[in-house]
Amino acid sequence: MDLHSLPALTVLSDCVTVVEHDQVKIVRVIHDKATAGIALHGGHVVSFQPAGQPDLIWMSDAAVFDGKAALRGGIPVCWPWFGRLANPGHGFARTSEWQLIEHRENEHGVIVTLGLVHNDATMAIWPYHFSVRLHVEVSEQLTVSLEITNTDEKAWVFSGALHTYLNVADITQVTTTGMGSEYIDSLQDAKVCHGGETLVLTDTIDRVYTQPEAQVYVQDPVLQRTLIVENSGHNAAVLWNPWAQGAASLSDMTDEGYKTMLCVESTLHAPCLAAGKTLQPGEQHVLATTLSVK
């Protein structure tokens, strides 16, 4: 998807416009430091391209922009749960329509804030009052912060993830470090395993790393760059790639799609709904991820 080629529906400022790709409206940021796109469907970052760099974010060539399906690629917002703990999988935030709250800009970059609050549709799935803000800071690096507030009169429990798909040239040549050695392997019935400090993929991976370092490094020798993922408000880093057999089973990923992506996710992981993080009325939690390149 070429964000630059889409005609502006609305011009909000010198740097911020609203465009539309198929059925999905996208807040487009074009700044000297970087360009980016944030879909209102799902509050979903679909692109982040620092000046002079290929996109740091991977989007599937077969992603469906119908305003209904979750988008394949980008940074899906998994909330108020992560995984298949309830229906819909990964929660309803990634298929909800978010509202543009505000945008600010200066010579250093642009900040776009989207909002999602409870409504009849969300209450039918998850009967609680909430207010969620997604702050997307676009500069030489990208910071995405999910600010979650309990606006109910009772406590509720949640989990979630910023499910970042990173853009790489050739997954078989990528080296990942900083994820830690202990992980829960979703391909082995949540078995707790220990691996090395360096990861090079040769097959599908779906792991919850429970002791990640402050920064996870994804070294891409083909593009001659290292992507740095720094998370906060999390308790785990999830790494995922479906490999050939997984990609073939996904209707919204091309058969070759797995070769150029790796998910490194800022995750508040819980094994079941009840084991998530509790927020009391009025309390707030921020789950965030920052992407940069060197």
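Which residues touch the most other members of the largest nonpolar core? They are Trp-79, Trp-98, Leu-142 and Leu-146, out of 67 residues in that core. Keep in mind that this is a predicted model.

**Nonpolar cores**
- In soluble globular proteins, nonpolar side chains tend to be buried together.

**Aromatic rings**
- You can find 16 aromatic pairs in the structure.
- One of them is Phe-92 with Phe-130: the ring centres are 5.9 Å apart and the planes sit at 35°, so this pair is tilted.
- Those two partners come from distant parts of the chain, 38 residues apart: Phe-92 is in the loop between β6 and β7, while Phe-130 is in strand β9.
- Both Phe-92 and Phe-130 are buried.
- Tyr-165 and Trp-240 make an edge-to-face pair, with 6.1 Å from centre to centre and 85° between the planes.
- Tyr-165 belongs to strand β13 and Trp-240 to strand β21, so their pairing ties together parts that are 75 residues apart in sequence.
- Tyr-165 is buried at 2% relative accessible area, and Trp-240 also counts as buried, at 15%.
- Ring pairs also join up into a cluster made of Trp-79, Trp-81, Phe-92, Trp-126, Tyr-128, Phe-130, Trp-156 and Phe-158.

**A five-strand sheet**
- Strands β1 to β5 form an open, antiparallel sheet, in the order β1-β2-β3-β4-β5.
- β1 (10-11) and β5 (44-50) are the edge strands; each has a single partner, so one side of each has no neighbour in the sheet.
- β1 pairs with β2 (residues 16-21) over two bridges, and Thr-10 has Val-18 in β2 as its bridge partner.

**Two charged residues**
- Arg-28 sits in strand β3 (residues 24-30).
- Although Arg-28 is buried, it has no salt bridge: the nearest side chain of opposite charge is Asp-2, 7.3 Å away.
- Among the contacts of Arg-28, beyond four places in sequence, are Leu-3, His-4, Cys-15 and Val-19.
- Glu-197 is in the loop between β16 (191-194) and β17 (198-199).
- With a relative accessible area of 46%, Glu-197 is partly exposed.
- Not counting residues up to four places away, Glu-197 touches several residues, including Thr-176, Met-179, Ser-181 and Glu-213.

Terms used. Residues are numbered from 1 along each chain as its sequence is written. This is a predicted model: local features need pLDDT of at least 70, side-chain atom pairs count only at pLDDT 80 or more; totals for chains, interfaces and linings use all residues. Side-chain values use heavy atoms; hydrogens and water are left out. Helices (H or I, at least four residues) and strands (E, at least two) are DSSP runs, numbered from the N terminus. Buried means under 20% relative accessible area, exposed over 50%, partly exposed in between (1.4 Å probe, protein chains only). Contact means heavy atoms within 4.5 Å. Two strands pair if DSSP finds at least two bridges between them. A nonpolar core is a set of buried Ala, Val, Leu, Ile, Met, Phe, Trp, Tyr and Cys residues joined through side-chain atoms within 4.5 Å. Lys and Arg count as positive and Asp and Glu as negative; His and the chain ends are not counted. A salt bridge is a side-chain nitrogen of Lys or Arg within 4 Å of a carboxyl oxygen of Asp or Glu. Rings of Phe, Tyr and Trp (its six-membered ring) pair if their centres lie within 6.5 Å; planes under 30 degrees apart count as stacked, over 60 as edge-to-face and the rest as tilted.
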